[in-house]
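Colleague: I am new to this structure. Could you take me through its pocket and its ligand?

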Amino acid sequence: MSQNIESTLVENRRFPASESFIHNAQHSPEQIQALYEQAENDYEGFWKEQAEAKIDWSKPFSSVLSTERAPHFEWFNDGEVNVSYNCIDRHLEERAHQTAIIFEGERGDTRHITYKELHDEVCRFANALKVNGIQKGDRVVIYMPMIAHAVVAMQACARIGATHSVVFGGFSAEALRDRVADAGAKMIITADGGFRGGKTVRLKDAVDAALEGNPLSVEKVVVLKRTGDDIEMKEGRDVWWDEFEAGMSNYCDPVPVEAEHPLFILYTSGSTGKPKGVQHSSAGYLLGAITTMQWVFDVNPNKDVYWCTADVGWITGHTYVAYGPLAVGATQVIYEGVPMVPDAGRFWKVCEDHKVTTFYTAPTAIRALMKAGEQFPDQYDLSALRLLGTVGEPINPEAWMWYYEKIGASKCPIVDTWWQTETGANMIAPVPQTTDCKPGSCTRPLPGIDAIIVDEEGNEITTPNQGGYLVIRKPWPSMIRTVWNDDERFQNTYYPMFDGKYYLAGDNARKDEDGYFWIMGRTDDVLNVSGHRLGTMEIESALVAHEAVAEAAVVGMPHEVKGEAVLAFVICKGDRPEGEAADALVKELREWVSQQIGPIAKPDQIRFADNLPKTRSGKIMRRLLRSIGKGEEITSDISTLENPAIVAQLQGKA
Ligand code: PRX
């Protein structure tokens, strides 16, 4: 698989942080350099020191890294901690009246919540959870709009040791049902709906559909009133948020939990089967959130206004909205909606209105906003910005430069952060004081992160620009602990090769002459559509569940704004549909996938064919389909296929 990619564009521009950025940063370049060196020389000692300094422990730990159950690595495992205490209570002496959250709804409603108010809200809700029988270790599914209450619900679970599983509000009832069932959740916390993209999303209807006729473990559904739309409340099962927490005390003891206690499960797509529940720990996860908030985002709790645009339904919304900013005592913006409502100036207006200093978003949003034109950012005062970030997919140099010049006024470093649901926190990213940025590169592994590139045998590739598997050699505190209820799947997915020596990220990458990492895309059948991770198999299963479909294969194709778009090849049970019948079926199948998974998984293009390209042993030639998706010329020998003539049809040429 190693490939030399000298032919690809080599991006050599370097952008060091400005003198003034470095001068105002929380750590000097020398201090950051010392962190890299300490981590290199004394790995465990480094993490021990970080954990002692940055977490308030309910019970101190003596063991740093335990490898007994490898590859289920354990960190600080005889210590005890409460994550909510670390995010809220410990700041109260100094920051009770500081704004923790500036919330802005898509329709313009705003709310400032201080750390004291957040504390009281979280405590009331946590008390209500307890009164309703939720105990340490119980699973609670949170299916909410992107509003401050979602963070309150997550923090309340953390406070009493309940394990939350947030399901993105854009997922369908079917997808929600699968996740609720897999997690064995006792409760669902939801809202009547949310405002998104100028519409209302009817969340409670989806919860009802997910629970219908299904003897799931859910005993109670807590419903926040957000849109005021008419919904049904099921007697005995459903309760309004306000009633649920009415009369509860503003104080709830934070329950100390073991460091390894599962703080949350978050479902993500893989290359096979159903989404897997990525299980995260409490202490190690918290440590990853804190260290990266400090190193990568350089957040100054006394000055910065931090805004990460991710939804809490994704890992970025966990680490960089619900936990990280609070754990370091920062003031953050939470915005409910999408960037284009009412127009492409919305993000920049939010930045101006709340004097945002630190802004973290996805390349797909930047590309869409760039396309809308510079007249939008030009209307707003963005001068408070001092640091920009991106996450979720590679950013093309053109979008990077636009972000740098138009949004950052050529004075803000851009931290391009590579990481995954499974890694818990940023892994490869610049610490701007010491690492110059290069457009399109996530730069260097952070202190204490041992990322390398290896070939198929597991040998480190040291030749510059030679691609290979991105792996993490040493375990790190915020790493995935297991796949919920499926240790075997955990091992097979993340430690399948190299004698279990390395964590396999599932990405291809190369390292340039300066040791900078360049992510080249996934090695598995996972698509990255608008920064959202989707398994091709998931979409295929949804398609074949439709009565008209006999077989389906899904691949990605390049897309200017989304990065990647979904292309589905579909073989029907009867004849291949043509003309109007084909158009009608395309529409139906897109709707169908939206219902089965969610609108984000809707195929952008569906091509009907008589068959799929198969080897003589009947295996679908996915590589060939991927090439067709990318519009590449087919140079490989297709004569060994059972049905070579099908290729032209799949390309749309016959
Ligand atoms: O392929 C990489 C891509 O997103 C994948 C992880 O997706 P997910 O678990 O949904 O988490 C996204 C947010 C952390 C990775 O395997 N990816 C993530 N960040 C970058 C990236 N690709 C290139 N550059 C990045 N900065």
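Colleague: How much space lies in the second largest pocket?

Modeller: This is a predicted model, where local features need pLDDT of at least 70, side-chain atom pairs count only at pLDDT 80 or more, and totals for linings use all residues. A pocket is an open set of points on a 1 Å grid over the protein atoms alone, where a 1.4 Å probe fits, with protein on both sides within 12 Å along at least five of seven lines. Its volume is the space filled by probe spheres set on the points, joined across faces, edges and corners. For the second largest pocket, that is about 390 Å³.

Colleague: Which element gives the most to the lining of that second largest pocket?

Modeller: Lining residues have an atom within 4 Å of a point. Helix H2 (29–41) and strand S23 (451–454) each supply at least two; helices (H or I, at least four residues) and strands (E, at least two) are DSSP runs, numbered from the N terminus. With 3 residues, the most comes from H2.

Colleague: Turning to the ligand, how far is an oxygen atom of the ligand from a polar side-chain atom of Arg 533?

Modeller: Residues are numbered from 1 along each chain as its sequence is written, and side-chain values use heavy atoms, with hydrogens and water left out. A polar contact is a pair of N or O atoms within 3.5 Å. For Arg 533, the distance is 2.6 Å.

Terms used:
Polar contact = N/O pair within 3.5 Å; in protein donor to acceptor, adjacent residues only side chain to side chain.
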